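Visitor: I would like to learn how to read a model like this one. Please take me through it feature by feature.

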Amino acid sequence: LMMGEPFGANLFWVLSALLLVLALIADGWSLVPGGPRRNMLAAGAVAGAAVALIVVLLVIAANRGLGWQSPPAVQPLDAQQVLLGLALAMLLIRLGLAWRLQVNLASLVVSLLALAGILVAGFSTKDSELPLACGQGAIPLQLQWVLFLIGAAGLAVAGSTALALALRAALAPRTPKLQWPRWIDLHALLKRASELALVALGAGLATGYWWLWGVQGASAHGQPGEDWIMVALLVTAMSYLTRRAGGRWGRWTAGLVMAAAVIAILGLLAGVGPLHNLRA
């Protein structure tokens with residue numbers, strides 16, 4: 001269970017994990033031809049897991065005294081909060097995109113990644129916090145963290161879709177009886193998630209540098225992990241522009257967005273302690 005956290009946080013942490021297991025079963029079952037109830041069951045389980053994660057994060061914030069009513073006292077997020085926040089953002093993006101695009105295989109991979117993040121966060125400790133730097137508790141930099149989480153989650157969803165494309169290419173010819181999503185639908189989901197990531201990561205970088213420039217002037221230095229986020233943004237832009245290239249643009253797009261997702265998640269972890277001595 002989550003080390004050093006209240007019983008309420010542990011209870012809802014377990015509930016979110018169990019609901020995601022249910023979502024995984026429903027998403028996998030949806031590949032078998034049948035009615036739409038399986039998709040509704042998966043969406044309901046994911047929505048419940050998202051609500052449980054919100055409660056977990058609120059309980060953790062209250063336990064650590066991170067109230068928004070006094071911004072200067074807000075501490076940097078630790079790895080546990082980042083992983084839970086990333087999982088929450090992934091689930092919300094999955095629900096939002098599923099409202100417009102029905103792509104079951106990608107949803108299965110997203111639920112699996114979110115479950116992995118929740119489990120890793122649950123068995124990690126909160127000792128990875130960095131000391132509070134000058135101005136680091138300010139609202140603009142807290143907003144930057146939120147934008148980074150949304151952007152990285154968008155890339156995680158896009159990367160999950162790229163993995164789903166690879167699984168479809170490898171397994172669809174061998175399992176024709178399964179209800180595999182269409183290639184064009186998977187790429188549409190990948191495109192929407194990449195667009196969200198581009199906007200969120202770009203806005204996060206702009207917000208952080210604007211604030212630091214106003215506070216520290218020309219001597220401003222970005223927060224730990226921002227160089228990773230910038231590289232992830234550039235790789236995502238390359239992936240997005242590859243769509244206009246000829247040849248096998250689909251494979252290049254999927255491969256680049258998977259790399260961008262890994263880089264963005266490393267950037268988030270680099271900003272909270274475990275990798276803060278590494279530079280992209």
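Guide: Start with Ser160, which lies in helix H5, residues 139–171. Helices (H or I, at least four residues) and strands (E, at least two) are DSSP runs, numbered from the N terminus. This is a predicted model: local features need pLDDT of at least 70, side-chain atom pairs count only at pLDDT 80 or more, and totals for chains, interfaces and linings use all residues. Residues are numbered from 1 along each chain as its sequence is written, and side-chain values use heavy atoms, without hydrogens and water.

Visitor: Is Ser160 buried or exposed?

Guide: Buried means under 20% relative accessible area, exposed over 50%, partly exposed in between (1.4 Å probe, protein chains only). Ser160 has 0% relative accessibility, so Ser160 counts as buried.

Visitor: Which residues does Ser160 touch, leaving out those up to four places away in sequence?

Guide: Contact means heavy atoms within 4.5 Å. Ser160 touches Ala106, Val109, Val110 and Leu113.

Visitor: How does Val59 count?

Guide: Val59 counts as partly exposed because its relative accessibility is 23%. Val59 belongs to helix H2, residues 37–63.

Visitor: How many helices and strands does the protein chain have?

Guide: Eight helices and zero strands. Along the sequence the pattern is α-α-α-α-α-α-α-α.

Visitor: What about burial and contacts across the protein chain?

Guide: Of its 280 residues, 49% count as buried. Among contacts with a separation of 6 or more, 82% come from residues 24 or more positions apart.
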